[in-house]
Structure formats: C-alpha cells, structure tokens
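This report describes part of a predicted model. The sections below treat a set of paired strands and then a neighbouring topic, a single helix.

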Amino acid sequence: MNPLNSLIAASLPLFPRLFIKPFAKPYVAGETIDEAIQHIKALNEKGFAVTTDILGEHVKTLDEAENVTHSYIDLLQAIKEQDLDCHISIKPTHLGLDVGYDVVRDNLFHLLETAKTTGSFVRIDMENSPYTDASIKLYLEAKLQFENVGQVIQACLRRSWDDISRLNGGNLNVRMCKGIYRESETIAYHDSKTIQTQFVDLVKQVINGGGYPAIATHDIFIIDEIEEWLVENKISNDRFEFQVLYGVPMDGKLEVLLEKGYTVRKYVPFGKDWFDYSIRRLKENPKIITYVFKNMFKKD
Ligand SMILES: Cc1cc2nc3c(=O)[nH]c(=O)nc-3n(C[C@H](O)[C@H](O)[C@H](O)COP(=O)(O)OP(=O)(O)OC[C@H]3O[C@@H](n4cnc5c(N)ncnc54)[C@H](O)[C@@H]3O)c2cc1C
C-alpha cells in the first residue's frame, strides 16, 4: 500500500466539501434524480446501457430505509417516463440490512414489484465480507419470486468459486467484479494476478453453467482475455455484457466494444451522500487516489 495515498485518504475528511467536489465530480451524476436522468439520457444517446445507484449505505433506522426505498421507486418511475435503457443497483445496507434482515427483504421486494411493472431490473451490489452471506440469501429468496434481480460476486474472495458453483444455472444473473473492499488475507486473495485469473475463470464458469455474467472491470487484460474466449467459443452477444464505472477513462475501448455489438453498461451513482461515500471509498481503497490523479490527465 502506497503510504502517501493512505495519508491523503486519512486526511480527506478534514478538507472542505468544495475542495473534494472536483475529485468526485467525474464519477458522480449530480445530487438529484433530475440531474442523474440527464446524464443517463446522454449515455443512452451514445449507445451505453446504464445501471444507476443512489449513493448511501449503512442506514440505521427503519424510517431512513423506507425513505431510500421510496427514492428508488421515484427513480424507477422517472426512468420509465423517460423511456431510458437503465436498471438500478442497490446496496443491502442502504435498504436497511443493519436494521434487520426482514427490513431489507421487504424493501427489496417492494422495489422488485415496482421494477416489474416498469420493466426494470434490480442488481444487489455486494458489500464487504460480513454481508456476503446475507446478500446471497437475499438474492436467492428474491429469485424465487422475481426474474428481474441480479447478484454480484467479488473475484478476490476465496469463497467465490464455491458461491458460483452453488448459484450457477440458467437463471443466474451475476455481475463479476474484483471487489472494492479491503479484506484480510484469510478471506481474500491479495495477489493481483491470482485475482485476474479467478475473475476470468469465474466468468467462464457462469457461461458454461448457462448463466448471464456482467463483466464489470476496467482491467483491459481481463476484458481482452474474456472476449477472446467468448469469440473462440462462439458465445452469442446476448449471453453477457460489459460494465464499467461512470467517469473512468477507458481510452476508446468501450466504443470498440460497442462497435462489435456488445452491450456496455455504465454504473452511474448519484445523490446527496456523494461526499461521505467518496471519502469512505477512498479510505477503504487508497489506490483509487492514484487512479484519480492519473485519470485527470486522460480522456474518456
Ligand atoms: C460496474 C461496476 C460495478 C461494481 N460493483 C461492485 C460491487 O457491487 N461490489 C464491489 O465490491 N465492487 C464493485 N465494483 C468495484 C470493483 O470491485 C473494483 O474495485 C473496481 O472496478 C476496480 O477494479 P478493476 O477490475 O477495474 O481493476 P483495477 O486493476 O483496479 O483497475 C484497472 C484500471 O482501471 C482504472 N480504474 C479502476 N477503478 C477506478 C476508479 N475507481 N477510478 C478511476 N480509475 C479507475 C485504473 O486506470 C486502473 O489501472 C464495481 C465495478 C464496476 C465496474
């Protein structure tokens, strides 16, 4: 871990919001639903599908969890009214997992009902390892009643091969990502090559099991490795998609993927909680500071 990044990350909460905003701005689509809708519309016009997320996590009361759920319902209605190509992503602790499992389940099911009527899809983001079991349980329960729900698996976790083996099958819809949280070595691989290899193998495992992977990475090695395998094995384009975070420069790679006829979906977060969220992420993963500085000098 770069000590300078860790030092910057630790002191960030001391900086005023105005100072931090320029760093968060490329990655966050405003604070309100109206602002987010404008960003999503512009991305759709460029050919990108979107999944959008209201920033926030770890709510502590029932009221807060219900308010978040209602904001997501307003968001789903706005997406429908504007006829956008856009799903939603939610975090279990934002819908009330810390308040109680029943709370998050009820809120998620409420959202899934609405999403069914608006023709949308809900992705359950994966948080840090204390929440992995509850998130998978939530997905499995939801899947019994709804088709429009997807899971996330983190390739860095040692348990992920077993999790995919358990979840695998024709109706599995899973976003594969490396995992953004800092986990201990007993829980997660730390070696980047091992994580890359497990990522690629897990995606192949999902495809071979008949499931639908969303390949969520900016790592060109992984994208190229998987794409080559998909082409070699004549996997049709409707059996997977690529996903990236809004604002991360990809040097024209995404346009090439679009030209090849693949679905490329951008993850677009927005909301009033952008400051706390950005600080938490930077503290958890100070490596992002290097990315942000590097990317300030690159083009989308
Ligand atoms: C669509 C999407 C959804 C995600 N959902 C989850 C989730 O539910 N749970 C979870 O734990 N993690 C999630 N992540 C985060 C993921 O786990 C990784 O932490 C993140 O994508 C960085 O890993 P990477 O695969 O891009 O590879 P890296 O090796 O980390 O990055 C490759 C290159 O991409 C660029 N880059 C990567 N991340 C950033 C960034 N934040 N800002 C600027 N440049 C960057 C850098 O140039 C870097 O060199 C998600 C990622 C994506 C793309």
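## Strand S6 and its pairing with S5

Within S6, Tyr212 is the bridge partner of Asn173. Strand S5, residues 173–177, pairs with S6 in the parallel sense, and four bridges join them. Between S5 and S6 the chain passes through helix H8 (residues 192–208), in a β-α-β crossover that is right-handed.

Strand S6 itself spans residues 212–216 and is mostly covered, with four of its five residues buried.

## Pairing of S6 with S7

S6 also pairs with strand S7 (residues 241–245), again in the parallel sense, over three bridges. Here Ile215 stands opposite Phe242 of S7. Helix H9, residues 220–232, forms a right-handed β-α-β unit together with S6 and S7.

Helix H7 comprises residues 160–167, and its buried residues are Ser160, Ile164 and Leu167. These residues lie on the same side of H7, because the arc they cover around the axis is only 70 degrees. The cover over the buried residues of H7 includes strand S4 (149–154), S5 and H8.

On the face turned away from this buried side, H7 carries the exposed residues Asp162, Ser165 and Arg166. Just after H7, Gly169 adopts a positive phi of about 150 degrees.

## Elements shared between the sections

Technical notes: Residues numbered from 1 in each chain as written. Predicted model: local features only at pLDDT ≥ 70, side-chain atom pairs only at ≥ 80, totals over all residues. Buried ≥ 20, exposed ≤ 12 C-beta atoms within 10 Å, placed from the backbone. Helix = DSSP H or I, 4+ residues; strand = E, 2+ residues; numbered from the N terminus. Pairing = 2+ DSSP bridges. Right-handed = clockwise from strand over helix to strand, strands pointing away. Arc of directions from axis to C-beta. Contact = placed C-beta atoms within 7 Å.
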